[in-house]
Each structure stands twice: as structure tokens, then as C-alpha cells.
Amino acid sequence: MISVSTPDPDRTDAANRGRAHPNATPLPARRRALTVVMAVAAAPVLTLWALVVAQWDPLVSLDREIATSLYAFMRPLPEAAHLTEVWTETFGTWSMRVVSLLAACWLLLRRWISAAAWAATTVFLANLFGLFLKLTVDRSRPEFADPIGTGVGPSFPSGHALMAVVGTGIVLFATLPLLRGRARPLAWGVAVVIVLSTALSRPLLAVHWTSDIVAGVSLGVFTLAGTLLLWSFLPPIARRWDRPANTSAVRA
């Protein structure tokens with residue numbers, strides 16, 4: 001005979017509070033790690049921001065040297081340049097914004113309300129930080145007589161690199177709890193490949209300086225770690241609409 005027992009509501013609520021998303025519970029234990037990641041990620045973007053604004057000669061010269069070398073490598077390879085252009089737009093700024101918001105909607109449909117709010121907030125802040133740096137620095141993009149690709153707006157930091165990190169990070173956060181075994185490291189590997197290849201596609205197309213790419217990736221990691229850290233401090237009341245983990249027990 002099978003019977004279904006329902007635990008005391010007060011105990012159930014207390015046990016499940018804040019456990020709507022499988023990643024919700026471990027996060028408080030990882031606050032120190034998230035803080036370290038934030039600090040490490042902030043250092044490159046802040047340093048490069050200061051050096052680019054100051055037009056530090058060694059950095060400017062290095063950026064120009066790398067840009068010239070990559071342009072000379074890609075210019076005789078129109079097919080490779082076309083494939084690079086397709087790749088960079090497939091995982092470009094707008095594509096990853098859409099993917100990030102779709103992931104947030106999926107979390108919302110799963111009733112992981114606080115996680116969905118985290119994802120949407122992360123996308124918003126990442127774009128806000130990127131726009132702020134672009135407007136304050138107002139750096140010109142590389143210019144060549146016969147350009148390979150096209151870029152719009154100020155160069156620093158790379159929006160493609162920034163959103164590649166943020167978009168893949170949000171998708172990973174949403175899907176990793178559903179994966180088991182080898183699928184988890186495979187997902188991490190795919191995410192890393194997407195981020196690195198998308199970021200590298202920008203200087204290969206001669207539309208960004210190398211320092212723009214480093215700053216974009218660093219800013220993306222900083223934003224992800226920072227919003228996850230803040231999300232880990234959400235009080236129980238902020239998770240009251242999240243889907244409960246288990247509200248009933250089934251026993252034989």
C-alpha cells in the first residue's frame with residue numbers, strides 16, 4: 001500500500017527556503033571564492049582603463065603591433081575572414097543578450113524566480129558597465145585601408161567579449177544543475193571555447209585592440225561573480241515565490 005505524507009508546513013518552508021534553484025544552497029559557502037574572483041577580474045579591466053585613458057605608450061604600441069600582425073595574417077584569407085565574421089555574429093553582443101534573456105525566461109517558467117531576476121539583472125548591469133566604459137574612454141577602433149570586418153561605436157571594452165562571458169555564464173548557471181556525469185565538464189568546455197573564440201574573433205577581424213578583449217572578458221567575469229555574490233545574500237523572503245525543492249514525501 002502506498003501512502004503520501006505531507007510534512008508540517010512550517011518545517012517544510014524552513015527546510016526549502018532559499019532552495020528553489022539547485023545552485024542557491026552552495027552559493028553562501030562560496031562567497032569567499034566569489035569575492036576573490038571579483039577582485040582578480042577587476043584588476044585587469046581597471047588597470048587597462050587607466051592605461052588606455054592615459055594613452056600609455058607601451059600599451060598603445062603593443063596593441064598596434066598585434067593588430068597589424070593579425071591584419072596581415074587574415075587579409076589574404078577571405079574565406080577564413082568570412083567564417084570568422086559568421087562566428088562572431090552568431091555569438092555576438094545582440095545574440096548573447098537574447099540568449100541570456102531567454103535563459104532568464106526559462107528560469108522564470110521553472111519558477112526559479114530569484115534566479116531569473118539574477119540573470120536579467122546581470123545582463124542589465126553588464127551592458128550598463130560596458131556602455132559606461134565605452135562612453136568615458138571613447139577609444140577609436142583599429143583602422144586599415146582595406147578593412148576586414150566592421151565595428152560600430154567606441155572600441156574599449158569589447159562588447160562581444162563581455163557578452164560572450166555573461167551569456168555563457170548565465171546559460172551554464174541555468175543548465176548545470178540539470179546535467180550529470182561527463183555532461184558537466186563538457187558544458188564547461190563548450191562555454192570556454194565559445195568565450196575564447198568569440199573574443200579572439202574581434203582582433204582577427206581588426207575591429208578591436210587586444211586590450212579591449214582582455215577588458216571585456218575581465219568585466220564579464222567581474223559582473224557574473226559580483227551579481228552571484230549579491231544573490232547569495234538574498235534574505236529568505238526574497239525567495240518566497242521560488243519553486244520548493246520537495247513538499248511531499250512518498251513512502252511504501
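1. Buried means under 20% relative accessible area, exposed means over 50%, and partly exposed lies in between (1.4 Å probe, protein chains only). This is a predicted model, in which local features need pLDDT of at least 70 and side-chain atom pairs count only at pLDDT 80 or more, while totals for chains, interfaces and linings use all residues. Residues are numbered from 1 along each chain as its sequence is written, and side-chain values use heavy atoms, with hydrogens and water left out.

2. Aromatic pairs. W118 and F173 are both buried. They form a tilted aromatic pair, 4.5 Å centre to centre with 45 degrees between the planes. Rings of Phe, Tyr and Trp (its six-membered ring) pair if their centres lie within 6.5 Å; planes under 30 degrees apart are stacked, over 60 edge-to-face, and the rest tilted. W118 is in helix 6 and F173 in helix 7, 55 residues apart. Helices here are DSSP runs (H or I, at least four residues), numbered from the N terminus. Ring pairs also bring W231 into a cluster with W118 and F173.

3. The whole structure holds 6 aromatic pairs. Another of them is W49 with F132, an edge-to-face pair at 5.9 Å centre to centre and 80 degrees between the planes. W49 belongs to helix 2 and F132 to helix 6, so this pair ties together parts that are 83 residues apart in sequence. W49 is partly exposed, with a relative accessible area of 26%; F132 is also partly exposed, at 46%.

4. Nonpolar cores. A nonpolar core is a set of buried Ala, Val, Leu, Ile, Met, Phe, Trp, Tyr and Cys residues joined through side-chain atoms within 4.5 Å. The largest has 38 residues, of which L107, W118, F156 and I170 touch the most other members. Helices 2, 5, 6, 7, 8 and 9 each give two or more residues to this core. A second, separate core of 7 residues includes Y71, M74, A81 and A206.

5. Largest pocket. A pocket is an open set of points on a 1 Å grid over the protein atoms alone, where a 1.4 Å probe fits, with protein on both sides within 12 Å along at least five of seven lines; lining residues have an atom within 4 Å of a point. The largest pocket has a volume of about 990 Å³, a volume being the space filled by probe spheres set on the points. Its lining has 34 residues, with G169, L172, W188, V221 and L224 nearest the centre. Helix 8 gives the most to this lining, 10 residues. By class the lining has 28 nonpolar, 4 polar and 2 charged residues. Ala, Val, Leu, Ile, Met, Phe, Trp, Tyr, Cys and Pro count as nonpolar, Asp, Glu, Lys and Arg as charged, and the others, Gly among them, as polar.

6. Second largest pocket. This pocket holds about 430 Å³ of space. It is lined by 23 residues, and T93, R97, K134, V152 and G159 are the closest to its centre. Helix 6 supplies the largest share of the lining, 5 residues. The lining divides into 7 nonpolar, 11 polar and 5 charged residues.

7. Record. The unreviewed UniProt entry places "transmembrane region" features at spans including 91–109 and 213–234; such annotations may be inferred rather than shown by experiment. In the model, residues 91–109 are 89% helix, with end C-alpha atoms 24 Å apart. Residues 213–234 are 91% helix, with end C-alpha atoms 32 Å apart.
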